[in-house]
Amino acid sequence: MRSFLVIDEDGSARAEICQYLGDIGHSVSQASDYRESLALLSSRRYDVVISNVRVRGGDIRGLLEAARRGSGDAAVIVHADVASIHEGAEAVKDAAVSVVLDPFSLPEPIFQVGRWPVSASRWKAATSSSLMP
C-alpha cells in the first residue's frame, strides 16, 4: 500500500481518482488548490503525488519543490490536457517522473507507479542516463 496525494481543482475528477486508489487499498489524501496542497505536503510524507499541471493559486514548479521538501523521494505524476502538455513536459524536466495526457484511464497512474524500481530519484537517474546518446 502506498500513500497518495491527489491534487485537482475539479472535485468530481479528484473524487473519482481518490475513490479508485482507495478501492485498491492505497491511503489517499486530496487537495483542491495550491495552498491546501502545501499544507498537506508539510504535514506528512507521501509516496506518490498526482496533480493537474495547472494548480489553482500556484504553479507546478512550486508544488514540485514542496513535494521534494515535504515528501523527499515522492514520485510526482502530472496530468495535462492538450493545451497544457508543454507545461507537463517542463514539469518532467524539473522533477516529475511522468506526465499523463487527459483524459486518462484510472489505472494509468498505478501503471506508472509500478514502473519505478525503488524510488523516484532512482527512476529519474535510470531513465535520464538511458536516454542519453
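The following dialogue explains the terms used to describe this predicted model.

Visitor: What makes this a predicted model, and how are residues selected and numbered?

Guide: The model is predicted, so local features need pLDDT of at least 70 and side-chain atom pairs count only at pLDDT 80 or more, while totals for chains, interfaces and linings use all residues. Residues are numbered from 1 along each chain as its sequence is written, and side-chain values use heavy atoms, with hydrogens and water left out.

Visitor: How many helices and strands does the protein have?

Guide: The secondary structure comes to 6 helices and 5 strands. Both are DSSP runs numbered from the N terminus: helices are H or I runs of at least four residues, and strands are E runs of at least two. Along the sequence they follow the pattern β-α-β-α-β-α-β-α-β-α-α.

Visitor: What is the order of the strands in the sheet?

Guide: The 5 strands form an open sheet in the order β2-β1-β3-β4-β5, with parallel pairing. Two strands pair if DSSP finds at least two bridges between them. Strands β3 (residues 48-52) and β4 (residues 75-80) have 5 bridges in the parallel sense, and V48 has A75 as its bridge partner in β4. Strands β1 and β3 run parallel and are joined by 4 bridges; L5 stands opposite V49 in β3.

Visitor: Why are β2 and β5 called edge strands?

Guide: Strands β2 (27-31) and β5 (98-101) each pair on one side only. From one strand to the next, the twist of the sheet averages 20°.

Visitor: How do you know that β3 is largely enclosed?

Guide: A residue is buried under 20% relative accessible area, exposed over 50%, and partly exposed in between, with a 1.4 Å probe and protein chains only. In β3, 5 of the 5 residues are buried, so the strand is largely enclosed by the rest of the structure. In a regular strand the side chains alternate between the two faces of the sheet. Both faces of β3 are covered, with V48, I50 and N52 buried on one side and V49 and S51 buried on the other. Of the 133 residues of the protein, 41% count as buried.

Visitor: Why is S3 called buried?

Guide: S3 lies in strand β1. Its relative accessibility is 8%, and therefore S3 counts as buried. Contact means heavy atoms within 4.5 Å. Leaving aside neighbours within four places in sequence, S3 is in contact with S27, R44, R45, Y46, D47 and V48.

Visitor: Is D10 buried, exposed or partly exposed, and what makes it so?

Guide: D10 is placed in the loop between β1 and α1. Because its relative accessibility is 37%, D10 counts as partly exposed. D10 and S32 are 22 residues apart in sequence and 7.3 Å apart in space, C-alpha to C-alpha.

Visitor: Why are α2 and α3 described as they are in direction?

Guide: Two packed helices are described by the angle between their axes and the distance between the axes. Axes are lines fitted to C-alpha atoms, for helices over the stretch in contact, and angles run from 0 to 180 degrees between N-to-C directions. Angles under 35 degrees count as roughly parallel, over 145 as roughly antiparallel, 65 to 115 as roughly perpendicular and the rest as oblique. Helix α2 (residues 34-43) and helix α3 (residues 60-71) pack at about 15°, with axes 9 Å apart. They are therefore roughly parallel to each other. The contact is made by Y34, S37, L38 and L41 of α2 and G62, L63, A66, A67, G70 and S71 of α3.

Visitor: How do the residues of that contact divide?

Guide: They comprise 6 nonpolar, 4 polar and no charged residues. Ala, Val, Leu, Ile, Met, Phe, Trp, Tyr, Cys and Pro count as nonpolar, Asp, Glu, Lys and Arg as charged, and the others, Gly among them, as polar.

Visitor: Why are α3 and α4 also given a direction relative to each other?

Guide: The axes of α3 and helix α4 (residues 85-94) come within 10 Å and cross at roughly 30°. The two helices are therefore roughly parallel to each other. I60, R61, L64 and R68 in α3 meet E90, A91 and D94 in α4. This contact divides into 3 nonpolar, no polar and 4 charged residues.
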